[in-house]
Amino acid sequence: MTEVLVLGFGVAGASAAITAHDAGARVTVLEKMPYGGGNCLNSGGFLVDVDGPHAVDHLDALCFGKTPHDVLEAFADGLHEIPAWLESLGGAVRTVDFPKSWPNFPGEVTYRQFVGDPPGPALFDLLRENVERRGIEVRYESTVDDLPLEDGPVILASGGFEYDAQLRDTYLSLPLTAVGHPGNTGDTIRLAQRAGAALWHMSAFFGWFAFEHPDHVAAFPLDVHAPSFIYVDGDGRRFADETGWEVHDKLRCLTTYLPRRRNRPRMPGWIVFDERARLAGPLNGIVGTPNDYTWSADNSVELEAGWIRRIEDVDAPELDRTLREYGATPDEFGRDPRTIVALEPPLYAIPMRPGVATASGGPRRDAQARVLRPDGTPIPNLYAAGAAGSIWGHLTEHGGGLTDAIVFGRIAGETVSKQKTGHT
Ligand SMILES: Cc1cc2nc3c(=O)[nH]c(=O)nc-3n(C[C@H](O)[C@H](O)[C@H](O)COP(=O)(O)OP(=O)(O)OC[C@H]3O[C@@H](n4cnc5c(N)ncnc54)[C@H](O)[C@@H]3O)c2cc1C
């Protein structure tokens, strides 16, 4: 019997473990945190499917040609199987009628969401229950210093490097803070490199503007639920079309500054908003956070605590001028006039920094989830799935993270179970 070691108990690790077990392998999962789930616990449980003759073209356009076509074909094939696979485990998905994230790219895109309350944690609960029902051993607070590849197959399902400040600064284009799962400290990168792996997609990531507080491990992603808001930088200058960016791609607005207009975005900046926006809903909560904190529905607790400031208490020399000039047509940054609403006092501001939710980079894998050396040959016994070297080469689809973890977790589980050797 093949003995398989899975590193990481998020969606990728759980999908790999279930699949390898069901194909006859004996599986052990090591999770370095005291609990499983990874970023699925913070996720919205959204799942993408891309169909039709241009499915791979769609994925290729998002990856900017940085992911081989056979890998994207394997991914697209696996996407179609996700609903039936989750149903076979006892779960369900529903179709959601979202506007397309990338409407101008080819391919037929369907968005789904796992059915559960809340959907992300419920998805992981389903996978965890299936792992437990099969008697698959999961060792928490466990990891390895080196990959024991001589003993048999190892599946890297150990996530990205959001929580390693040095790796973030080395590979990602912006000075970022982390908003997601604190277990993702870049072990995948170090272990894979030591085993001789090539890396890919190291500069790709997605995230949001976020509020950082020293008492909380992760920064809080911020969303404003009414149009009466603007972004300004540390000096109080606007620097972007606040409503014109795809939700995962928002932070790229920081890289499109117009240097001749003296608007280099100095962070931390501020989200400035009015009373209607304050009352329209909690600034944090659309996506989850590992922080043990529930944001107040009308933002009053955070205002009282000083996390949200009254505009008079914000020291930003250009802010008065910015507020006077906001609303002129045409908008300096091309903001859609339908979203330009007068900011009516009292005004508030919350400090914001760019926050990374998922770093795509990691070991390069092929269509069978085998980890490759720089010369393109597979490293014997080493596999990777999900955020441990994601397939997304530049942009990402809505629902692209969990699906990468499920599809390549399943592919890795199938591939390893065909091997004859194993850990003892
Ligand atoms: C706020 C937020 C919302 C999101 N919403 C969505 C969404 O709706 N849809 C979607 O598709 N994607 C979403 N994503 C992205 C998605 O959650 C991730 O892409 C996905 O969960 C990755 O799964 P994974 O199993 O590959 O890795 P992870 O979930 O990152 O899990 C990796 C696991 O490995 C463990 N680990 C790390 N190092 C080691 C080690 N050395 N040894 C053992 N274990 C280790 C970690 O503790 C962790 O448990 C969201 C992300 C965030 C942060």
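Student: Over the face of which residue does Arg365 lie, and at what distance from the ring centre? Please describe the surroundings of that ring as well.

Tutor: The model is a predicted one. In it, Arg365 lies over the face of Phe408, at 4.6 Å from the ring centre. Phe408 also has an aromatic partner, Phe75: the centres of the two rings are 6.4 Å apart. Their planes meet at 20°, and because planes under 30 degrees apart count as stacked, this pair is stacked. Phe75 belongs to helix H3, whereas Phe408 belongs to helix H10 (residues 400–417), so the pair ties together parts that are 333 residues apart in sequence. Phe75 has a relative accessible area of 0% and is therefore buried. Phe408 is likewise at 0% relative accessibility, so Phe408 counts as buried.

Helix H3 spans residues 69–88 and lies across E3, E4 and E5, running at about 135° to E3. These three strands form an open sheet with antiparallel pairing, in the order E3-E5-E4. Its edge strands are E3 (46–51) and E4 (93–96), each of which pairs on one side only. On average, neighbouring strands of the sheet are turned by 35° against each other, direction ignored. Strand E5 (residues 108–114) runs antiparallel to E3, and six bridges join the two. Within this pairing, Phe46 stands opposite Gln113 in E5.

Key: Residues numbered from 1 in each chain as written. Predicted model: local features only at pLDDT ≥ 70, side-chain atom pairs only at ≥ 80, totals over all residues. Heavy atoms only, no water. Pairing = 2+ DSSP bridges. Helix = DSSP H or I, 4+ residues; strand = E, 2+ residues; numbered from the N terminus. Axes fitted to C-alpha atoms, helices over the stretch in contact; angles between N-to-C directions. Contact = heavy atoms within 4.5 Å. Phe/Tyr/Trp six-rings, centres within 6.5 Å; stacked < 30°, edge-to-face > 60°. Buried < 20%, exposed > 50% of the residue type's maximum accessible area, 1.4 Å probe, protein only. Lys NZ or Arg CZ within 6 Å of the ring centre and 35° of its normal.
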